[in-house]
Amino acid sequence: DANMTTEQTEEIIDRMSAEDTKLMKIDLSGRKEALSSVAPDQIVKALSKLEYVALNDTQLSSQQNESILASLTGSRMRSLKMNDNRGLGKVEPHILALAAANLEQLDLGNSYSRPMAFLLMSMVEEGTVGLTPLQISAICTAIMTENTPLKKFVLGYSKLFSVEANLLAGALNRLEEVDLCQNFLSLQQAR
């Protein structure tokens, strides 16, 4: 809710991390400043108890992003939405691959550093848009080689044009639902 205060958001995370919770799903999307002061380990402790988590447009730090994604092995989480989060492009590729290998749904779309869509082409050239080809290749490799439960993958505004066509196609064809909006595919990938 747009009217929820930072203090309220922090208290929810505090309670979730310190107590048992019946909560299975939480959507903290749009809470841009609210999570910035919460320690990564506290966020992980709270969110690992849930099955469905939406953290879209929360402006998480690179450390918070990496901690959440690295904690997925053995957690209850089945669905994670982290689109519109700057800094995902700085997460180590093997950690993103780990997330893909442990979730049923993963949304990493629109992981860019500047929000103005009309700058998209220059941003792609500058390397400030979305996940890197190395990160995407690691995710695709995990999908191809791991016995992953991943069914749905959202990956908008990323640099797919540099990912090997066979790897990309092989991985995506193992999934039930894929969203590749606003990606630049090579001619070979599109075939």
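Modeller: In what follows, contact means heavy atoms within 4.5 Å. The model is a predicted one.

Biologist: How many helices and strands does the protein have?

Modeller: Read along the sequence, the elements follow the pattern α-β-α-β-α-β-α-β-α-α-β-α-β-α. The count for the protein is eight helices and six strands.

Biologist: What share of the contacts with a separation of 6 or more comes from residues 24 or more positions apart?

Modeller: The protein has 191 residues, and buried residues make up 46% of them. Among contacts with a separation of 6 or more, the share from residues 24 or more positions apart is 78%.

Biologist: Are H3 and H4 parallel, perpendicular or oblique to each other?

Modeller: Helix H3 covers residues 62-70 and helix H4 covers residues 93-102. Their axes come within 8 Å and cross at roughly 40 degrees. Angles under 35 degrees count as roughly parallel, and 65 to 115 as roughly perpendicular. H3 and H4 are therefore oblique.

Biologist: Which residues of H4 meet H3?

Modeller: H3 passes H4 in a left-handed crossing. From H3, the residues taking part are Glu 66, Leu 69 and Ala 70. By class, the contact of H3 with H4 has six nonpolar, no polar and one charged residues. On the H4 side, the residues are Ile 95, Leu 96, Leu 98 and Ala 99.

Biologist: How do the residues in the contact of H4 with H6 divide by class, and how many are nonpolar?

Modeller: The axes of H4 and helix H6 (residues 133-145) come within 8 Å and cross at roughly 35 degrees, and the crossing is right-handed. H4 brings Pro 93, Leu 96, Ala 97 and Ala 100, while H6 brings Leu 134, Gln 135, Ala 138, Ile 139, Ala 142 and Ile 143. In this contact of H4 with H6, no residue is charged, one is polar, and the nonpolar ones number nine.

Biologist: What span should H6 have?

Modeller: H6 has 13 residues, taken at 1.5 Å a residue.

Biologist: What covers the buried residues of H6?

Modeller: The buried residues of H6 are Gln 135, Ile 136, Ser 137, Ala 138, Ile 139, Cys 140, Ala 142 and Ile 143. What covers them includes H4, strand S5 (152-154) and helix H7 (165-172).

Biologist: Is Thr 9 buried or exposed?

Modeller: Thr 9 lies in helix H1 (residues 6-18). Leaving aside neighbours within four places in sequence, Thr 9 is in contact with Met 4, Leu 28, Arg 31, Ala 34 and Leu 35. Buried means under 20% relative accessible area. Thr 9 is at 0% relative accessibility, so Thr 9 counts as buried.

Technical notes. Residues are numbered from 1 along each chain as its sequence is written. This is a predicted model: local features need pLDDT of at least 70, side-chain atom pairs count only at pLDDT 80 or more; totals for chains, interfaces and linings use all residues. Side-chain values use heavy atoms; hydrogens and water are left out. Axes are lines fitted to C-alpha atoms, for helices over the stretch in contact, and angles run from 0 to 180 degrees between N-to-C directions. Helices (H or I, at least four residues) and strands (E, at least two) are DSSP runs, numbered from the N terminus. Angles under 35 degrees count as roughly parallel, over 145 as roughly antiparallel, 65 to 115 as roughly perpendicular and the rest as oblique. A crossing is left-handed if the near helix is turned anticlockwise from the far one by less than a right angle, and right-handed if clockwise. Ala, Val, Leu, Ile, Met, Phe, Trp, Tyr, Cys and Pro count as nonpolar, Asp, Glu, Lys and Arg as charged, and the others, Gly among them, as polar. The expected span of a helix is 1.5 Å times one less than its number of residues. Buried means under 20% relative accessible area, exposed over 50%, partly exposed in between (1.4 Å probe, protein chains only).
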